[in-house]
Amino acid sequence: MQTSLQRLGQSLKRAQWRDHRTMDTALRAVGVSLVQWDVLRAIDSNPDASGHELAGMTFMSDQAFATLSTRLLRAGLIERSSGGGRRLHHALTAEGRRLLDEGGRVVEKELDELFAPLDAAQRSQLQHLLDTLTGTGPATR
């Protein structure tokens, strides 16, 4: 039986949308949205990255990232410093670190439930297939 590529694409998007909604709702209880938490995670993991690089890592335009990072700055979750020229370095504040850590526990719990229908072998296979599609697997680095 041949798989419809349109159906496959739609199923992938449906799974992503479900996961996003579920985690966003769960993170709201912590006081942060999924998009905000993802930015905190990217900043923490990539301390020397530029705003442009962080925007790409979080699937945002440069303008959207700049707007959100300004909001995070005003909320006291991040701080910025000059990185030379127009480049800005971003870092988490203590409150930003707390939300990242607390949110991380929430995300892990939600992902565990979302992927519960798959056993370990199926999760590994899914990861391999997605890495192949996106060119991000260990063999492509």
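This is a predicted model: local features need pLDDT of at least 70, side-chain atom pairs count only at pLDDT 80 or more; totals for chains, interfaces and linings use all residues.
Let's start with arginine 98 and glutamate 95. They sit 3 residues apart in helix H5, so about one helical turn separates them. Arginine 98 is partly exposed, at 36% relative accessible area. Glutamate 95 is partly exposed too, at 34%.

Stay on H5. Lysine 109 and glutamate 113 also meet in a salt bridge, at 2.9 Å from N to O. These two are 4 residues apart in the helix, so again the separation is about one helical turn. Lysine 109 is partly exposed, with 48% relative accessibility. Glutamate 113 comes out at 47%, so partly exposed as well. There is also a network: salt bridges with shared partners join Asp44, Arg97 and Asp101. The structure holds 9 salt bridges.

Glutamate 110 lies in H5. Is glutamate 110 buried or exposed? Buried: its relative accessibility is 12%, and the cut-off for buried is under 20%. What does glutamate 110 contact, leaving aside neighbours within four places in sequence? Thr22, Met23 and Ala26.

That takes us to H1. Helix H1 covers residues 5-28. Its 24 residues should span 34 Å at 1.5 Å a residue, and the end C-alpha atoms are 34 Å apart, so the two agree. The buried residues of H1 are Asp19, Met23, Asp24, Ala26 and Leu27. Their cover includes helix H2, residues 34-45, and helix H5, residues 94-114.

Aspartate 24 pairs with arginine 28, the closest N and O atoms being 3.7 Å apart. Aspartate 24 counts as buried at 18% relative accessibility. Arginine 28 is exposed, at 52%.

Next, H2. This helix has 12 residues and reaches 16 Å from first C-alpha to last, close to the 16 Å expected at 1.5 Å a residue. Which residues of H2 are buried? Leu34, Gln36, Trp37, Asp38, Val39, Leu40, Ala42 and Ile43. Helices H1, H3, H4 and H5 are among what covers them, along with strand S1, residues 78-82, and strand S2.

Now the pockets. The largest pocket holds about 1,900 Å³ of space. Its lining has 38 residues, and Leu12, Gln16, Asp19, Phe115 and Leu130 lie nearest the centre. Asp19 is also one of the buried residues of H1. Which elements each supply at least two residues of this lining? H1, H2, H5 and helix H6, residues 120-134. H1 gives the largest share, 11 residues. By class, the lining of the largest pocket has 22 nonpolar, 10 polar and 6 charged residues.

The second largest pocket has a volume of about 260 Å³. It is lined by 13 residues, with Gly51, His52, Ala66, Arg86 and Leu88 nearest its centre. Helix H3 (51-57), helix H4 (62-74) and strand S2 (88-92) each give two or more residues to that lining. H4 gives the most, with 5 residues. The classes here are 3 nonpolar, 6 polar and 4 charged.

Notes:
Residues are numbered from 1 along each chain as its sequence is written. Side-chain values use heavy atoms; hydrogens and water are left out. The expected span of a helix is 1.5 Å times one less than its number of residues. Buried means under 20% relative accessible area, exposed over 50%, partly exposed in between (1.4 Å probe, protein chains only). Contact means heavy atoms within 4.5 Å. On a 1 Å grid over the protein atoms alone, a cavity is a set of points where a 1.4 Å probe fits but cannot get out, and a pocket is an open set with protein on both sides within 12 Å along at least five of seven lines; lining residues have an atom within 4 Å of a point. Grid points are joined across faces, edges and corners, and a volume is the space filled by probe spheres set on the points. Ala, Val, Leu, Ile, Met, Phe, Trp, Tyr, Cys and Pro count as nonpolar, Asp, Glu, Lys and Arg as charged, and the others, Gly among them, as polar. A salt bridge is a side-chain nitrogen of Lys or Arg within 4 Å of a carboxyl oxygen of Asp or Glu.
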